[in-house]
Amino acid sequence: MAIILTEAEAKALLTKVLSYSKADECEVNLLGEERGNLRYARNEVSTSGSLINKNLVVQSAYGKRVGTATIDEFDDASLEKVVRRSEELAKLAPENPEYVGILGPQQYLKSAGFFDSTAKITPDTRATAVDKSLQLSREKNLTAAGFLQDNYGYNAMMNSKGLFAYYPSTSVNFSLTVRTPDGKGSGYVARGYSDFTKLDTAAATRIAIQKAQGSAEARAIEPGKYTVILEPTAAVVLLENIYFNMDARSADEGRSYFSKAGGKSRIGDKIVDERVTIYSDPTNPELPASPWSGDGRPQEKMMWIEKGVVKNLSYERYWAQKQGKKAIPYPNNMIMMGGNSSLEDMIKSTQRGILVTKLWYIREVDPQTILLTGLTRDGTFYIENGKIKHPIKNFRFNESPIIMLNNLESLGKPERVVSTETDRNYLVPPMKIREFTFTSLSDAV
């Protein structure tokens, strides 16, 4: 059987699996994917790999007793066996008081997340893209280490109430660190796309080279509160911690920043600068995503924070029923609207500040305020009188992205960016922030 099934082939296979079911309810999820990667270090390719994966997950329910079984063999006997196994497990399971049953047929938006250019990537294609990067770092007598990974696949699901969903997608992520020979200068860049033709490894490498060369003779300056310009790669690892907390149940139960006294949430409250609008939209052409969530609920365009005001939190179906609310699924993408300032404009308008390329090693200090700590890395620069003056030693920071978005000075145009913490892709603008808190120096480059 082919790894990547068409919509019709997936539908036929899932129909066959459901025909074996004897449970009250049955839901089947199907995944097929091909992944490829090329890793390099010290200006040489170190590994090249590929992965082919296909699996089937069957969930059977008798009342509120639920059992799940998984298999990666697709002959008829194996398909029947995995259904029987899920039914056996369901009969043994205690009742799940929060099980709300499966959904009936749904209507989904059309999302174009599949690109032939990415699906047709071969080992030669990867080697050519990486070679462009390696040539540049070798020419400059710099040391490069990077990773190129692409994915081509689909998800499908069907249940015994007639729901069917199918979504094919592609993605390619490229990340690169360039170091000076003495190890004192370091530059970083990351790029993520659905369409491989948008990836320019040479242009990305030139940025990392420029940062590596520019950051070599770093000077120490005092920790404290500074105006910062966060490139999207730096901003996103803070912002995604807001996104992860936008869950209604944890808010209602008093466990998150979005909680309020008396079992209420911050929906309707203005929490950040009015220039901040964050939404999700599976049909966004720059960041396409699956138009359905893991349990089959449709993903719609949804405002989460609009002009600084919390508009929605995600509700799992059980909690939505209990609270009498609409069951809003957690989004499959997140987009922050931006402004008109370029990075150059932000630098020119800064009397005294710091340009941050990357933040890493992000850890939560206080979930109630989303206070985070972490470190700058791979290119941190001091700005004086509207110009980059010199590289500076890295800092540890303590900051909440909520406080940060209340200290907003300007926003740039949103860019698709890869989180260095989670590998997820987002659309995020560069941003200029006042009074960002650096607590101590770090010797790492």
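# Exercises on a two-domain predicted model

The chain is divided into domain 1 (7–212) and domain 2 (218–444), with bounds that come from an automatic or database domain assignment. This is a predicted model, in which local features need pLDDT of at least 70 and side-chain atom pairs count only at pLDDT 80 or more, while totals for chains, interfaces and linings use all residues. Residues are numbered from 1 along each chain as its sequence is written, and side-chain values use heavy atoms, with hydrogens and water left out.

## Exercise 1

Task: Describe how domain 1 and domain 2 are placed relative to each other, using their centres and their contact.

Solution. Begin with the centres, taken over C-alpha atoms: those of domain 1 and domain 2 are separated by 25 Å. Then turn to the contact, which takes 36 residues from domain 1 and 34 residues from domain 2, where contact means heavy atoms within 4.5 Å.

## Exercise 2

Task: Work out where the largest pocket lies and what lines it.

Solution. Start with the terms: on a 1 Å grid over the protein atoms alone, a pocket is an open set of points with protein on both sides within 12 Å along at least five of seven lines, a cavity is a set of points where a 1.4 Å probe fits but cannot get out, and lining residues have an atom within 4 Å of a point. Grid points are joined across faces, edges and corners, and a volume is the space filled by probe spheres set on the points.

Next, sort the lining by class, which gives 14 nonpolar, 19 polar and six charged residues; here Ala, Val, Leu, Ile, Met, Phe, Trp, Tyr, Cys and Pro count as nonpolar, Asp, Glu, Lys and Arg as charged, and the others, Gly among them, as polar.

Now trace the lining to secondary structure, where helices (H or I, at least four residues) and strands (E, at least two) are DSSP runs numbered from the N terminus. At least two lining residues come from each of β1 (25–41), β4 (143–159), β5 (164–179), α6 (232–244) and β20 (425–428). Finally, the largest pocket lies between domain 1 and domain 2, because both give residues to its lining.

## Exercise 3

Task: Characterise the second largest pocket, and find which element gives the most to its lining.

Solution. The second largest pocket has about 910 Å³ of space, and among its 36 lining residues R191, E231, P232, L343 and E415 lie nearest its centre. The elements that each supply at least two lining residues include α5 (201–214), α9 (343–348) and β14 (352–366), but β6 gives the most, with five residues. By class, this lining has 20 nonpolar, seven polar and nine charged residues. Each of domain 1 and domain 2 contributes at least three residues to the lining.

## Exercise 4

## Exercise 5

Task: Follow the strand pairings that run through β14 and β21.

Solution. Two strands pair if DSSP finds at least two bridges between them. Strand β7 (residues 224–230) runs parallel to β14, joined by four bridges, and I229 has L355 in β14 as its bridge partner. On β14 there is also an antiparallel pairing with strand β15 (residues 371–384) over 11 bridges, in which G353 is partnered by I383. β14 and β15 form a hairpin with four residues between them, and I370 in the turn has a positive phi of about 55°.

Return now to β7, which is joined by six bridges to strand β21 (residues 431–442) in the antiparallel sense, with V228 opposite I433. β21 is also joined, again antiparallel, to strand β17 (residues 394–399) by four bridges, and to strand β18 (residues 408–411) over three bridges. In these pairings R396 is partnered by S440, and L411 by M431.
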